[in-house]
Amino acid sequence: MSIDFEKQLNPAQWQAVRAAHGPLLVIAGAGSGKTRTIAYRLAYLVRNGVAPENILLLTFTRKAAQEMLFRASSLIGQELGGVAGGTFHSFAGSILRRYASVLGYPDRFTIMDGPDMSEILGQVRAELGVGKGDKAFPKKKTILGLISKSRNKEVDLAMLLERESPHMLHYGDDMIRIARTYAEFKLRHGLMDYDDLLFNLERLLLERDDLAEFLRMRHSHVMVDEFQDTNKVQARLVRQLAGDGRGVMAVGDDAQSIYAFRGAEVRNILAFPDTFPNTTIVRLEENYRSVQPILELTNALLRNATTKFDKNLFSRRTDGLKPQLINTVSDQTQAKVVVDKILELSRSCRLRDIAVLFRAGYQSYPVEMLLNKIGLRFRKYGGLKFTDAAHVKDVLAYLRLIVNPADLPAWQRAVSHVKGMGPKTCNTFCQALLEGEQQKIARTTKKFPDVAAAFDLINALRHEKPAPTSALQRILEFYTPLFQDRYPDDYPRRQAGLDQLLQIASGFTDLDAFLAELTLESPEESREEDCDVEDHVVLSTVHSAKGLEWSAVLVIDLVNGRFPSRHAMENSEDLEEERRLLYVACTRARDYLGLFVPSSVYNRFMGGSEPALPSLFVSELPPSCYEELRENYLGQVKPRTPLPAREPRPFCNNPDTPSHSAPLPSPGAARHRNNTFGHCRHKIFGRGKIVEFLPPNRYRINFP
Ligand code: ATP
Ligand code: MG
């Protein structure tokens with residue numbers, strides 16, 4: 001098959017695709033074809049004789065890697081199965097699987113997910129007797145977050161506390177003890193958390209020069225997408241794997257760096273040319289995704305940002321609509337306006353080309369409820385994972401124990417149905433297994449026949465080494481009666497999750513790989529209907545929307561405290577990251593962009609609604625780059641009536657002043673002379689100032 005690379009790429013992309021020698025950095029704005037350039041380069045390399053096995057493709061999600069491989073293989077009409085592609089974590093997992101013992105781990109290890117980490121941390125804390133009875137002692141999630149941040153940013157915990165959470169500084173010593181014991185626990189029980197995968201791979205490559213050299217030979221070409229979101233250790237891994245950098249290509253956009261909260265370093269991309277001397281830098285300026293009016297808004301959003309590589313994006317699609325800024329009365333009515341908009345848009349595009357984006361998962365609940373009510377299908381990204389379901393976790397626990405019998409959190413799940421096997425007894429049993437103390441093991445299995453049954457099954461499977469599907473089937477036979485007993489009301493519904501597990505397992509020949517995949521890349525929770533067949537609207541957190549695009553994008557809850565988040569508003573660096581996050585959200589749109597600003601939002605913690613201010617990023621935008629609409633109290637969305645000059649902004653800009661729109665309390669109470677409004681009196685609210693006329697006969701009034 002012949003591909004006309006030159007025709008399908010612009011000159012800068014084509015230059016990057018065929019660059020033969022030396023390190024390569026493509027740094028360019030959103031939608032300029034960076035990911036497309038990687039896919040074409042893959043195709044180009046293979047077409048020109050590079051074996052797929054010699055290419056390593058590191059992306060942010062496995063799905064992204066698969067899509068690129070699919071793209072490249074359809075270009076050249078050749079399977080690219082040999083390319084090692086995936087995330088840094090899954091790549092690290094695949095190497096460590098063979099060499100963990102070099103680092104002092106038991107032969108085989110298991111990867112923990114978030115709830116496992118919490119569980120272990122809780123046990124470590126209890127074991128140490130730290131913070132007992134102290135209600136103010138930091139929560140498990142907070143401690144885990146701090147440990148992870150200190151590792152990823154590579155600053156010690158005490159320093160991190162001093163810098164970012166001084167109010168917790170007096171717990172510093174306790175936290176350091178917890179962190180140390182937690183690390184020892186993981187090593188002893190053959191457990192790795194996400195961060196361990198990266199640091200352990202680095203350590204392995206440093207300790208085993210021969211292995212590092214082998215990997216460098218094997219992967220003569222290393223390509224990394226979304227390089228702006230790598231952290232320090234990931235950048236060092238790229239250096240270890242790329243050697244002198246001859247075959248390395250990094251692609252990214254400093255303005256889209258949105259993972260600093262996890263230790264990502266935007267400096268990595270800026271410093272790439274220093275790390276690899278003689279780097280060819282390619283910049284792409286044409287945006288192929290969005291219509292020009294959307295780009296004008298996103299460029300304006302970035303104008304106040306602190307990015308180093310200046311970009312000047314333009315689009316040839318000059319004829320599009322201006323983005324809409326839609327003010328709604330509340331976040332509840334916002335849901336209705338959003339759904340109406342989806343219905344309107346769906347007349348001219350498919351549902352799957354429409355996405356609703358938000359800062360945090362809970363923000364889409366009102367929209368979800370309404371979509372359910374009217375029977376419109378949706379799929380949510382970045383929400384609950386399929387493996388978060390208790391019954392799926394139960395089954396995975398047995399599988400994990402086949403791989404790693406010292407996996408304590410897995411034991412705790414696997415025997416949680418056995419009366420008398422509390423955390424302490426379970427821990428003693430697991431310790432006995434670790435030490436090979438046969439008498440102790442026998443005592444437990446004798447006392448608890450149900451534990452014996454699980455233990456026998458796991459042992460049998462460990463020796464037989466069946467393929468993942470048969471292991472899973474055997475476990476399901478064992479688990480089904482427990483399952484029906486544990487979830488008497490809804491086990492038929494839950495069965496779908498177990499069927500999905502079987503289906504995924506059928507794609508694997510290796511149990512470790514199957515488990516790693518499920519922990520690191522768990523698919524979203526599937527709904528009863530098959531979303532892949534049916535058309536569906538997409539609901540997604542902005543973080544999960546990275547790299548993707550839709551014809552229409554609706555960004556909701558653009559108020560201070562939600563987007564930017566309350567936490568980010570206290571720190572200028574975090575605020576910058578929120579700006580980039582909004583930039584990522586808006587640049588996902590091809591043809592239509594809607595920004596939704598509710599005037600009041602429900603307070604999840606206190607209950608009740610409270611007034612909200614428009615997001616400061618929205619307030620900063622020049623009004624010329626959007627069309628403004630406003631929902632009135634009758635639920636109609638109309639172009640906004642401009643305010644008379646020198647009058648205060650409507651009440652949503654002043655949270656201290658309650659305001660109401662109502663038919664005038666008494667006829668003629670408003671003086672409406674010379675274009676200025678007067679005051680009026682309301683039976684209940686008293687005297688108020690009229691700030692806006694809502695034709696034909698309503699006024700918006702601020703009451704003190
Ligand atoms: P992001 O920063 O959001 O990840 P990106 O720079 O990776 O964006 P791509 O996703 O590769 O951009 O491309 C954006 C859109 O533009 C895609 O639909 C892609 O197919 C299209 N595109 C990119 N380059 C070209 C080109 N030379 N000709 C036609 N379409 C292109
Ligand atoms: Mg991309």
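The legends below describe close-up views of a predicted model.

Residues are numbered from 1 along each chain as its sequence is written, while chains are lettered from A and ligands numbered from 1 in the order in which they are written. In this predicted model, local features need pLDDT of at least 70 and side-chain atom pairs count only at pLDDT 80 or more, whereas totals for chains, interfaces and linings use all residues.

**View 1. The shell around ligand 1.** The ligand is surrounded by 17 residues. A residue belongs here if its C-beta atom, placed from the backbone, lies within 6 Å of the molecule. G33, K34, T35, R36 and Y288 are the closest. Helix 3 (residues 34-47) supplies the largest share of the shell, three residues. Helices (H or I, at least four residues) and strands (E, at least two) are DSSP runs, numbered from the N terminus. By type, the shell has three nonpolar, nine polar and five charged residues. Here Ala, Val, Leu, Ile, Met, Phe, Trp, Tyr, Cys and Pro count as nonpolar, Asp, Glu, Lys and Arg as charged, and the others, Gly among them, as polar. Ligand 1 lies between domain 1 (5-93 + 197-282) and domain 3 (292-384 + 531-631), because both give residues to its shell. The domain bounds come from an automatic or database domain assignment.

View 2. An unreviewed UniProt entry gives the annotation "binding site" to A28, G29, A30, G31, S32, G33, K34 and T35. UniProt positions follow the numbering used here, feature names are shortened, and annotations may be inferred rather than shown by experiment. A30 sits in the loop between strand 1 (24-27) and helix 3. A30 counts as buried because it has 24 C-beta neighbours inside 10 Å. The cut-offs are 20 or more other C-beta atoms within 10 Å for buried, 12 or fewer for exposed, and in between for partly exposed, with C-beta atoms placed from the backbone. Beyond four places in sequence, A30 is in contact with D253, Q256 and T587. Contact means that the C-beta atoms of two residues, placed from the backbone, lie within 7 Å. T35 lies in helix 3. With 20 C-beta neighbours inside 10 Å, T35 is likewise classed as buried. Its contacts, leaving aside neighbours within four places in sequence, are M68, D225 and G547.

View 3. For residues 7-291, the unreviewed UniProt entry lists "domain: UvrD-like helicase ATP-binding". The end C-alpha atoms of this span lie 22 Å apart.

**View 4. The nonpolar cores.** A nonpolar core is a set of buried Ala, Val, Leu, Ile, Met, Phe, Trp, Tyr and Cys residues joined through C-beta atoms within 7 Å. The largest has 120 residues, and L42 and L399 have the most contacts inside it. Helix 17 (residues 390-403) gives the largest share of this core, nine residues. Apart from this core lies another, of 57 residues, including V555, Y583, L593 and F617. L42 is in contact with I55, L57, M68, A72 and L80, neighbours within four places in sequence left aside.

**View 5. F596 in strand 14.** F596 is found in strand 14 (residues 589-598). It is buried, since 26 other C-beta atoms lie within 10 Å. Not counting residues up to four places away in sequence, F596 touches I326, T328, Q334, V338, L554, V555, I556, D557 and L558. F596 and K153 are 443 residues apart in sequence and 35 Å apart in space, C-alpha to C-alpha.

**View 6. A183 in helix 9.** Helix 9 (residues 172-188) holds A183. With 15 other C-beta atoms within 10 Å, A183 is partly exposed. A183 and V124 are 59 residues apart in sequence and 9.9 Å apart in space, C-alpha to C-alpha.

View 7. F563 and P564 are joined by a cis peptide bond, with omega about 10°. P564 lies in the loop between strand 13 (550-555) and helix 25 (572-586). E154, a residue other than glycine, has a positive phi, near 60°. E154 is in the loop between helix 7 (140-153) and helix 8 (157-164). It is partly exposed, with 14 other C-beta atoms within 10 Å. E226, also not a glycine, has a positive phi near 55°. Its loop runs between strand 6 (221-224) and helix 12 (232-242). E226 counts as buried, with 25 C-beta neighbours inside 10 Å.
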